[in-house]
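Please read the following note alongside the sequence and the structure.

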Amino acid sequence: MAALSYLPHTEADVKAMLERIGVKKLEDLYSDVPAEFLKKGAYALPDALSEQEIRDYFASLEAMNGKLKVFVGAGAYDHYTPAVIPYLCSRSEFLTAYTPYQCEISQGTLRYIFEYQSMVCALTGLDVANASMYDGPTAAAEAMKMAVACTRKKTRVLLSKTLLPHVIQVVETYAKFHGVELGYLPAQDGQTSLSVLQAELAADDVAGVIVPSVNRYGIIEDHSGFADAIHAEKGILVEYCDPSALAVVKSPAEWDADIAVGDGQPLGLPLCYGGPYVGFMAVKKDHMRKMPGRIVGQTVDKEGRRVFVLTLQAREQHIKREKATSNICSNESLMALWVTIYLSLMGPEGLKEVNRISTDGAHYLYNELLATGKFEEVFPGQPFLKEFVLKPKVAGLQAKLEKAGFFAALETEEGYVSFCVTEKRTKEEIDQLVKVVKEG
Amino acid sequence: MKYYDKLIFELSKEGRCGYSLPMNKFPKAPEVPLQVSRKAALLLPQVSEPDVVRHYTNLSQMNFGVDTGFYPLGSCTMKYNPKINEEMAALQGFAGLHPLMPASVTQGACKVYEEMNKALAEITGMHTFTLDPCAGAHGELTGLMIMRSYHMGRGDFARTKVIVPDSAHGTNPASAAVCGLEVVEVKSLENGRIDVEALKPLLGPDIAGIMMTNPNTLGLFETEIKTIATLVHQAGGLLYYDGANMNPLMGVVRPGDMGFDIMHLNLHKTFSTPHGGGGPGSGPVGVAKHLEGCIPGLRVSGFHGNFGVILRAYAYILALGNQHLKEVGQYAVLSANYIKECLKDKYKLPIEGVCKHEFVFDGLINDGAHDDVPGATTLDVAKRLLDYGFHAPTIYFPLLFHQALMIEPTETESKETIDAFIDVMRVIADEAAANPMLLHEAPHNTPISRPDEVTAARNPILKYQDTL
C-alpha cells in the first residue's frame, strides 16, 4: 500500500537514518521497552481511508444530523459569523503556530492577543484581561478559585441560582475537588435576591459572589447594592456576562464588580455542538497578579520598537508548579482571534445593532406566542434582550417544533420553555414557528 | 517576515463600518431600562472590511507556524496539520449544531463521539474515554478528579497526596494542587528515570496515586514501569499517564497495557490538530474498566468538550487506520535518535542511549566563553536558530539540567529538513565557539530583536487603553 501522504520518509531515508544511529531496524529503537509491553498483533482499527473516502464518510455522518432553525440560546447563541473571520483564522501562520514562546517570530499572535485583551477590557470596563480560558463555565470556576485566593481566610463562594445550569455544574465540580464551600442565592421574581445575599454575607465567610448579568431566564439583572454589600464584607463580586449583550447592558465595571467572566461564543463563534468556544476573564488592577492564564504586555525591543511579550509569568504553572494560580496552559487562542476580528468588524455600532435586531425579534416572538393563548407569562415586566422563558399550558412543545424544523421551546428544569432570537432569524421564520404553535 | 506596527484601534475612524446586518423588520422593543443599561462608552475600533483583512494578514506575516517551517519544540509534538481535517470540521452539518439539541437530531455527532471513544480506547489500551476536557492540563485535572472520586467512592478519604517526578511537566503539580491534592516529588536517577528506591518510602495509605509521563520529559522510556505499577497498586494508589508524550508509542505500546489506570491525550499534539497559537486543544481522558463509574457526574466544561477539535482528530485517525498508526510512532522516534546522534559531538548529551520522540541536550560542549566574554547559552542558541528560519526547541525544561534544550522533530519532517536543521545546529555551535557575542545578540534577521521583558513585567501595559 502507498505511503501516507503526511509522512515523508522513504525506505532509503529510513535505512540511511538507521545506519547513522547504528541500529538495524526500526524495532531496535524500542529496545528499552520491556518486550511484554510491545503490542502484538494488529490494532482493531478500520483500514486507512483515502482523502475522498474521509470526505464521503463525514458527509454520511453529517447527513445523520438534523437541520433545524435555532431558537434556543441557554449559553450558546446562533449569531451571524462574518465571512472574513474563518478566512483570516484559517491563515496557517495563525492556525499552525504554537503558544508564542519565541516572541521574535510570534508578534502576530501576541499583537492580536493584546487587541483581544483590550477589547475584553472595553466591553467589561475592567482594567486587565487575560489571553483567554477554555469556556465561560470554566472561567467562572477559575473566578471562584481566584475569589478564595484573593480573600485568604474566607472560604465560601455564593452562586446565584439564576446562572445558567451548566455554569453552576462546572463550578460545583471544581469546588468539590478544590475544597471550596458553595452557597446559593435563590431567585426572587426571576432575579438574584439581594436580601438573601445580605443575610448570607452576615456569616463573614463569603469570599466571592457569582451573579449573571443577563440570567438563565434572559432577564437583565439589577445588581444595585450588590457591590457595596459584598465589598463591605471584603468579598469579591464576579459578574458572569454575555459579552455581546455588554454593548447595551450595564458593564461589570458599572456594577463595581471585581471580576468579569463569561463565554465569548456569542461574538460570532459557530455553535459547533458546544466547542471550541472561548472563556474570557477581566479583573480590577488590584487582583492582576492573582489572575490565571496567559497575559500579553507591551514593551520595546533593543531598537526601541513597540513589541509584545508574554508577561507576568511568575503566576503561571511552568514557573510556580504546584503554587501556580491555576493549572491552565493551552487556552483558546485561535478563538480569541475569532472574537477579536468579530469585534473589529462590528465595532460599537454593529454590536449595538446586533442587540437591537435580536431584541426586537425576541420581543416580537414573545408577544406573538402570548397572543396564541398557549402560554402564561412567568416574569411579567422583567426586562429581557434576545432570550426569554414562558410557561406552556400544554406539554410536548419542543418535540412538536422539532418535527416542524425548529429547535425551540427548550424545556427547563423549572417547567418553563426557553426561546431565543438572534439577528439570523427572520420575521418569516418567527411567523412560521408561531403558526406551528397555534395549530397544535 | 516584516515588521508591521499597527494595532487595529489605530486604524479606527468615526463612521467606518465593517459589518453587514439585515434590515430590522420587527416592531421596536422597549428600551433597556435606564437602571440596567450601559452608560459607558464602548472603545471598539470602527474599521472597514478591507482594513480588517489587511491588518490581520499583516499580523499573520509576523508569525511562524508548522506550515512555515520546522518546529522542533520538545514536548509539543508540532506535527503537520492535515488540511482535510479543517475541511471536515467546517461542515455546516456539524458547525451548526446547538449543544443542547436532543439526540434525535444529533446522531451524526453522537456517532463521531462513539467511534472516537472506541478508537482512542484501542490505541491506548484504556477501557473508555470522556472527550469533555478542552486541553491537556484540563485533562490532567479531570483525570485527578477521577482518581479522587475513586478513592472517596470507596470511603477512603485519607488519600490526599499524589506523587509527581521532578522531571514532570509544570501542569502536573499545578493540576494536582487545583484538584486539592498535595504534591510529593520523587527524584530521578542519574539515568533520567524515576528512582524506584526513592519511590518506595513515599508509598502509603495517604497516596492517591502517581502521575507519570512515559517516555518521560527527557524522552526516555521508564524502564522500571512494571515495578512502579506493581508498587503503586500494592499501596492502593492509581497510575496516571500524562499523554503529552504519547506520540512515540503510537502503534507500538499502549499505556493501558503498562498498568496505567487513568490517562489523558492531547489531540492537538498526537492527533494532528492545529495548535492555533495556544489553543483550542482537546484533552480526552481514558480510564481502566474499574474507574468507568467515576466519569459521570464530573462536569468539567460547558457542553461536550471541543467538538470541532475532536472532528479533526477523528479525520486523522481515519487517515492513519490500522496500516499507518505504527509509522507515526516509529518515524517520530527514528528522527529524534538521528538528530541526537548527529549533534552529540557539539552539544552535551547528559544521558546516552536510545531515546523516544525527543531528547534533551544540556547546552553547548564549547560555549566559547573566554576572558570577560560569557559563553553562549541555550537561550542564545534558540534565538540564533530563528535567524536561520527554524523555530527554537523547548528551552530550560525539564528543570533537571541548567541549559536544557529539548528537541522533538515528529514524524512529518523529511530527512532533508532534518539534515538542514542538523547543519544549522552545527554551524551555530561553531559560531558560539568562535564568537559567542554573535549569539548573545541574536536574533538578527527577525521582525523584532530581543524585547525588554523586565520593563514589561515591572510597568505592565496590558491593553490599548493603557497606551493612550
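1. The largest nonpolar core contains 296 residues. Such a core is a set of buried Ala, Val, Leu, Ile, Met, Phe, Trp, Tyr and Cys residues joined through C-beta atoms within 7 Å, where buried denotes 20 or more other C-beta atoms within 10 Å of a residue's own, with C-beta atoms placed from the backbone. Among the residues with the most contacts inside this core are Ala140(A), Ala143(A) and Tyr240(B).

2. The model is predicted: local features need pLDDT of at least 70 and side-chain atom pairs count only at pLDDT 80 or more, while totals for chains, interfaces and linings use all residues. Residues are numbered from 1 along each chain as its sequence is written, and chains are lettered from A and ligands numbered from 1 in the order in which they are written.

3. Ala143(A), leaving aside neighbours within four places in sequence, is in contact (C-beta atoms, placed from the backbone, within 7 Å) with Ile210(A), Val238(A), Ile259(A), Val261(A) and Met281(A).

4. Between the chains, 170 residues of chain B are in contact with 164 residues of chain A. On the side of chain B that touches chain A, the largest share, 21 residues, comes from α9(B), a helix being a DSSP run (H or I) of at least four residues, numbered from the N terminus.

5. Chain A is divided into domain 1 (69-79 + 348-439) and domain 2 (84-340), with bounds from an automatic or database domain assignment. Their C-alpha centres lie 28 Å apart, and 20 residues of domain 1 are in contact with 20 residues of domain 2.

Terms used:
Two residues are in contact if their C-beta atoms, placed from the backbone, lie within 7 Å. Helices (H or I, at least four residues) and strands (E, at least two) are DSSP runs, numbered from the N terminus. A residue is buried if 20 or more other C-beta atoms lie within 10 Å of its own, exposed if 12 or fewer, and partly exposed in between; C-beta atoms are placed from the backbone.
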